[in-house]
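My notes are below, in the order I took them.

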Amino acid sequence: MLKSMRKNGLILGGFAVVATALVVTTQVLTADRIAEQQRNELMRTLNELIPPALHDNDLYRDCALIQAPEALGLAEQPVYRSRLASEPNALAIRTTAPDGYSGAIHLLVAVNLQGQIKGVRVLQHRETPGLGDKIEVQRDDWILSFNGERVRTENDARWRVRRDGGMFDQFTGATITPRAVIAAVQRTAWYAQNNMDSLFAAPANCIGEPLANDPLGREEQPYEY
Amino acid sequence: MSTEYQTLANDGLWENNPALVQLLGLCPLLAVTGTVTNALGLGIATMLVLVGSNITVSLVRNWVPNEIRIPVFVIVIATFVTLVELTMNAFTYGLFMALGIFIPLIVTNCAIIGRAEAYASKNNWYNSAFDGLMMGLGFTLVLVALGALREILGQGTLFAGAELLLGEWARDLKIQLFSFDYPLLLAILPPGAFLGMGFLIAGKNWIDGRRKAKLAKAPIEKAQRARVTTVN
């Protein structure tokens, strides 16, 4: 009895050791490649919003974690600074709309020095497929309607969906999603306009972190207002 | 020997199809079949794990005492899933992001441990590899059929996002069959997966029923008619 237990334990242990060795080897072999993929994804999105011609610094390295939960939705959000010949010219800010139809919507908003929107992209969301997911640039051009717009006052009434008297389209069947995105972009742009200097001056401290959340889908908790 | 392979192929693809007959692995099956691309990606990942785990289980079957075979199978399967997950993360990043949580969930796909227990632990490694391949293929075909059904009804497209799986050249594979202002949401949402799956199973049973009826009728038909044009 004792003998067979010992034997079985040893066999199980042997399998565990071999399995762990295999997993560790693969992890070591793929780690660089995975990090590179995440960096490429980050750079691709950043370059889409701030074209490479407009900056000569490594966007993803010039990154600062900013604590402005009222404007950016989470306790901490990365901000990427674009500079040409060391002169600042644009920002790409990660921001979160906490009030989407099915939870938080994570966005990347690029603004220039005048506070004009250079572009907006959705990084992660859980909106209804076929209705709310029109905020994705792959599905609809809607997200491009922010390009070139500017927030004029803190409660700029043009920054609403048309149904609420603003200048942005809503989707048939889904108003909550665009409302949440517009409000988040507005807050972010307004915050950026009013904190431009300190955002560029903040020390770079989040180099090369992946832009989207954990791929396993564990949701970050939105900041509680 | 070839009849053994024929039986295995017939079982995996039709008679004992893991998705349509054994009804195993329904969680990933229902969750990722929103598009053909996602379905194909998870199907291939599942097939790789099945073949790998079947071969390994078969090779070690004589050294593993009966009492601890289940934990050993679980270790083997979990290892293969992790390897596939890391590889997909490294080489098909977009698809990895799209399939997300469902890759680790392959571990919980009972079809895999089911084959380890029912077949691989009793047969040699090449038969087991073939069994894994056929079961995986059967599973993948059902995934793709369901994915196509839901993608056509829900988005009016086929192979949307194929570039995530196959690389940039596959972007042109996308076929826009038709477009509509109000997509059939039901097809994309989870209930659509259950309904689609129900129709697929019903379809299989209907075909089986007709086959059986024809077999039963065949001798009588022969006697009654001079000429029989076979359908099939």
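**Ground rules.** I am working from a predicted model, where local features need pLDDT of at least 70, side-chain atom pairs count only at pLDDT 80 or more, and totals for chains, interfaces and linings use all residues. Residues are numbered from 1 along each chain as its sequence is written, and chains are lettered from A and ligands numbered from 1 in the order in which they are written.

**Confidence.** I checked pLDDT, the predictor's confidence in each residue, from 0 to 100. Chain B has a mean of 83, with 91% of its residues at 70 or more. Within chain B, helix H7 (residues 125-155) scores highest, at 91, and helix H8 (residues 162-166) lowest, at a mean of 73. For the complex, ipTM is 0.73 and pTM is 0.73. Helices (H or I, at least four residues) and strands (E, at least two) are DSSP runs, numbered from the N terminus.

**Chain contact.** I counted residues as in contact if their C-beta atoms, placed from the backbone, lie within 7 Å. Chain B brings 25 residues and chain A 21. On the chain B side, H4 (69-91), H5 (93-99) and H9 (185-188) each supply at least two residues. H4(B) gives the most, 10 residues.

**Cores.** A nonpolar core here is a set of buried Ala, Val, Leu, Ile, Met, Phe, Trp, Tyr and Cys residues joined through C-beta atoms within 7 Å. Buried means 20 or more other C-beta atoms within 10 Å of a residue's own; exposed means 12 or fewer. The largest core has 56 residues, and B:Ala45, B:Val49, B:Val84 and B:Leu99 touch the most other members. Beyond four places in sequence, B:Ala45 contacts B:Val84, B:Met88, B:Ile103 and B:Ile106. Another core lies apart from it, with 42 residues, including A:Leu49 and A:Val122.

**Loop in chain A.** A:Ala85 sits between strands S2 (77-84) and S3 (87-100). Its phi is positive, about 50°, although A:Ala85 is not a glycine. A:Ser86, in the loop between S2 and S3 of chain A, also has a positive phi, about 65°. A:Ala85 is exposed, with 8 other C-beta atoms within 10 Å; A:Ser86 is exposed, with 7.

**Annotated span.** UniProt (unreviewed entry) places "domain: FMN-binding" at residues 100-192 of chain A. UniProt positions use the numbering here, feature names are shortened, and annotations may be inferred rather than shown by experiment. The span is 18% helix and 20% strand.

Note on methods
Contact = placed C-beta atoms within 7 Å.
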